[in-house]
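Student: I have a model open and would like to learn how to read its features. Can we go through them one at a time?

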Amino acid sequence: MKFLHRLTPVAVALGALALAGAVHAADTIKIGIPQPMTGPNTQYGDQIQAGALTAIETINAKGGVKGKKLEPILIDDGCEPKQAVPAANRVVNSGAKFAVAHACSGVTVAAVKVYEEEGIVGITPGATSPLVTDTIKPHFFFRTIGRDDQQGPYAANYIAKTLKPQKVAVLHDKQTYGSGVATQVKDSLGKAGVNVAMFEGINVGDSDYSAIITKLKSAGVDLVYFGGYHPELGLLLRQSREQGLKVQFMGPEGTANQDLVAIAGPAIEGLLVTLPADFTKLPGNESIVKAFKDAKRDPDGAFQMPAYAAVQILADSINAVGEDPAKVADYMHKTAFNTGIGKVEYDAKGDLKNFEFAVYKWDKNGKKTQL
């Protein structure tokens, strides 16, 4: 026997709202953008948001992807490893199947497993640690930036062949990213026959680095490479100059933050940093640069163009095979893309087959010039 139940007006209204919500959700393609929006590393998140949002707005202005608009979902991960899994789960809970994911390596290493288990296609424009893709060899996770075992040897080669120091100290912040890139530099310098007189870690958050500076002076080094982020390097630079240590300093892209100028002051002059090449000068990128400027965003930074490229790759892949993340990931592994960072091709782990780094020199005002 079948029983017919009369629906109340409230039930009908709620059902209509639910259906409307489902229809609305289906009208967009959500892209999670979990990045540091609070804490000392927000500038990296700002750069990635600038790149991703500019790409999303540009694509939407041209009709979107398969007739649907891309919808950014902004999420704060604080550049904190303890926030990694919660931030990744917020991407999952938002309903996004795609993400421009995480600037910081320590966060990304912890979050990758979530994307892999949930079948969400993530692309990091900022996390350079090999551990991101070496630990679980993901299928759904990719990069639009090179690895530290590309950046570290590149920096070491520049040190050995161009700077030619007598003694080098390699310092790091004991964290995933900083210690990883520092180790790559140390090992590559050793292979090149450069004397690495010191390899030591410092504590993040310390305010006085006098002890390590004294050791640097006693060791007689003429170049200091620091693996880590800008707050610690800024203090090292300033306190080194104040204590009479006037040697060449060099660091990776994680140190290249304009807030470094405020921390280090004039001691920033002469700092060398490895960064992604200046993709704003790449032939064919004139319209991309214009889109940034029209949106009153700065395209000139380490992560803006890699983030822009990440959205381009997702959009091109969805256009080609639809919104099924598994099909998108398969397509990305076997396809060459033309992007704002040039030609992009992936290996089996989602790492770039090629990526161009460059060395930049900073003046006392924080303006950097590619060497």
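Tutor: We can start with salt bridges. A salt bridge here is a side-chain nitrogen of Lys or Arg within 4 Å of a carboxyl oxygen of Asp or Glu. Keep in mind that this is a predicted model.

Student: How many salt bridges does that rule give?

Tutor: The count comes to 14 salt bridges. One to look up is the pair Glu 117 and Lys 113, whose side chains meet at 4.0 Å, N to O. Both residues belong to helix H4 and lie 4 residues apart, about one turn of the helix.

Student: Now the domains. How is the chain divided?

Tutor: Domain 1 consists of 29–145 + 280–356, and domain 2 of 149–269. Between their C-alpha centres the distance is 29 Å. To the contact, domain 1 gives 18 residues and domain 2 gives 15 residues.

Student: How should I express the size of such an interface?

Tutor: Interface size is often given as the accessible area that is lost when the parts come together. For domain 1 and domain 2 the buried area is about 1,200 Å², with 49% of it from carbon and sulfur atoms.

Student: Which three residues supply more than any other three of the area that domain 1 buries against domain 2?

Tutor: They are Gln 43, Tyr 44 and Thr 128, which together supply 38% of that area.

Student: How many salt bridges and polar contacts are there between the two domains?

Tutor: The count of salt bridges between domain 1 and domain 2 is 0. For polar contact, the count is 3 residue pairs, both residues at pLDDT 80 or more.

Student: Which helices each supply at least two residues of the side of domain 1 that touches domain 2?

Tutor: Helix H2 (42–61) and helix H4 (105–118) do. H4 gives the largest share, 3 residues. Sorted by class, this side of domain 1 has 10 nonpolar, 7 polar and 1 charged residues.

Definitions and conventions: Residues are numbered from 1 along each chain as its sequence is written. This is a predicted model: local features need pLDDT of at least 70, side-chain atom pairs count only at pLDDT 80 or more; totals for chains, interfaces and linings use all residues. Side-chain values use heavy atoms; hydrogens and water are left out. Domain bounds come from an automatic or database domain assignment. Contact means heavy atoms within 4.5 Å. Buried area is the accessible area (1.4 Å probe) that two parts lose on being put together, summed over both. A polar contact is a pair of N or O atoms within 3.5 Å; within protein, one must be able to donate a hydrogen and the other to accept it, and residues adjacent in sequence count only if both atoms are side-chain atoms. Ala, Val, Leu, Ile, Met, Phe, Trp, Tyr, Cys and Pro count as nonpolar, Asp, Glu, Lys and Arg as charged, and the others, Gly among them, as polar.
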